[in-house]
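Hello,

Here is the structure we talked about handing over. My notes follow below it.

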Amino acid sequence: MHAAVFYGVGDLRYEQVPVPEVAADEVLVQVRACGLCQSDIKKLRYPLLDPPRIFGHETSGTIVRAGEAVEHWRVGERVVVLHHIPCFHCPYCLNENYSMCRVYKEVTTTAGFAPAGGGFAEYVKVPGHIVRSGGLMAIPDGVSFEEASFVEPTNCCLKAVKKAQVQPGQWVLITGAGPIGLMFAMLCRQFGAKPIVTDLLASRVERARALGAEAALDARSADLTARIHALTGGLGVDVALLAVPSVQAFSQALDATRKGGKILFFAEFAESVQIPLDPNVLYRREIDLMGSYSSSFKVQHLAADLVFGRRIDVQALISDFYPLAELAAAVEQAVHPTPETCKILIRP
């Protein structure tokens with residue numbers, strides 16, 4: 001089979017590799033669509049993991065082989081592959097901090113070499129513990145593979161929205177109108193909240209407005225805080241979701257969040273970044289700071305329902321399709337986006 005194999009920063013090769021062997025409790029999935037995620041881009045552009053690796057984790061496809069011990073799944077079924085499944089019995093899982101679980105963090109879906117997701121290949125092997133524990137989800141008739149590939153990123157965003165306890169009628173500031181920021185906006189709108197989206201690109205501001213943001217603003221506006229306070233009756237937003245790793249965006253969010261409000265870090269900052277913060281601001285205004293990393297098993301079925309039921313329009317987020325052989329070009333476009341660039345999907 002063909003795969004896009006990472007051999008080091010700047011060395012991504014489209015080449016033939018063996019089709020993974022399937023054990024008795026495993027399945028082999030033919031990949032039909034795989035989203036290009038910022039976490040994939042980070043691993044391809046920085047020396048974070050030893051090569052060789054085959055990345056890609058927002059994966060959908062068709063089961064083409066099932067081991068003799070596999071129950072409830074058969075060849076020919078269309079599925080979403082979820083690469084993170086927790087153990088369910090460690091202290092983190094018992095407190096529903098599933099993304100902190102050691103088993104969760106150890107990616108085991110693979111197309112070869114050290115397991116790294118495997119979605120950027122023609123076939124990916126799904127190990128037994130994921131098959132048994134809900135890591136495969138059937139794609140309903142009428143739902144495309146491309147739409148189904150959004151289940152995992154939707155889960156990640158939904159987890160953050162739930163953790164921030166976004167409520168109907170609340171004002172929510174979303175910094176960044178890339179695919180994640182726009183998904184946040186659609187989810188907040190779905191749950192009855194009023195999203196305000198900011199971005200540096202006029203095209204993304206306009207896209208946010210078209211997808212239902214209550215307001216979409218230029219993040220460089222000198223009067224940004226004043227405009228947000230005017231929209232919210234002088235109080236400020238109830239919740240701010242940071243969808244970009246920007247110190248300036250955090251500063252704007254802090255200025256725009258009401259007393260007693262919440263600020264949630266979703267985007268991952270560079271390791272060297274430090275944010276200056278007066279702790280008395282948090283103390284006197286009772287601002288809650290929180291983080292949300294990756295997905296949650298608890299909201300898995302709701303995320304799938306939102307995508308499969310088209311309660312959020314993930315199709316509207318797709319801007320580009322690339323064949324697997326051109327993954328390097330897809331990464332380059334994601335790093336240097338055009339005004340129209342949004343979500344990029346890979347079709348092996």
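**Second largest pocket**

Helix α6 (residues 151-163) gives the largest share of the lining of the second largest pocket, three residues. Helices (H or I, at least four residues) and strands (E, at least two) are DSSP runs, numbered from the N terminus. This is a predicted model: local features need pLDDT of at least 70, side-chain atom pairs count only at pLDDT 80 or more, and totals for chains, interfaces and linings use all residues. Residues are numbered from 1 along each chain as its sequence is written, and side-chain values use heavy atoms, with hydrogens and water left out.

The volume of this pocket is about 270 Å³. Its lining counts 15 residues, and E96, N97, K159, K163 and S296 lie nearest the centre. By class, the lining has four nonpolar, six polar and five charged residues. Ala, Val, Leu, Ile, Met, Phe, Trp, Tyr, Cys and Pro count as nonpolar, Asp, Glu, Lys and Arg as charged, and the others, Gly among them, as polar.

The terms work on a 1 Å grid over the protein atoms alone. A pocket is an open set of points with protein on both sides within 12 Å along at least five of seven lines. In a cavity a 1.4 Å probe fits but cannot get out. Lining residues have an atom within 4 Å of a point. Points are joined across faces, edges and corners, and a volume is the space filled by probe spheres set on them.

**Cavity**

There is one cavity of 30 Å³ or more. The largest cavity has a volume of about 70 Å³. Its lining is L82, H83, H84, P86, Y104, E152, N155, S295, S296, F297 and Q300. Those residues divide into four nonpolar, six polar and one charged.

**Helix α1**

D40, I41 and L44 are buried in α1 (residues 38-45). Buried means under 20% relative accessible area (1.4 Å probe, protein chains only). They sit on the same side of α1, because they cover an arc of only 100 degrees around the axis. The arc is that of the directions from the helix axis to the C-beta atoms. The buried residues of α1 pack against β1 (2-6), β2 (12-16), β3 (27-35) and α13 (327-335), where contact means heavy atoms within 4.5 Å.

**Cysteines**

The disulfide count is zero, with a disulfide being a pair of cysteine sulfur atoms within 2.5 Å. C87 is in none; the nearest cysteine sulfur, that of C101, is 3.6 Å away. C87 is buried, at 18% relative accessibility. C157 is buried at 0%. Its closest cysteine sulfur, in C156, is 6.7 Å from its own, too far for a bond.

Best wishes

Definitions and conventions. Buried < 20%, exposed > 50% of the residue type's maximum accessible area, 1.4 Å probe, protein only.
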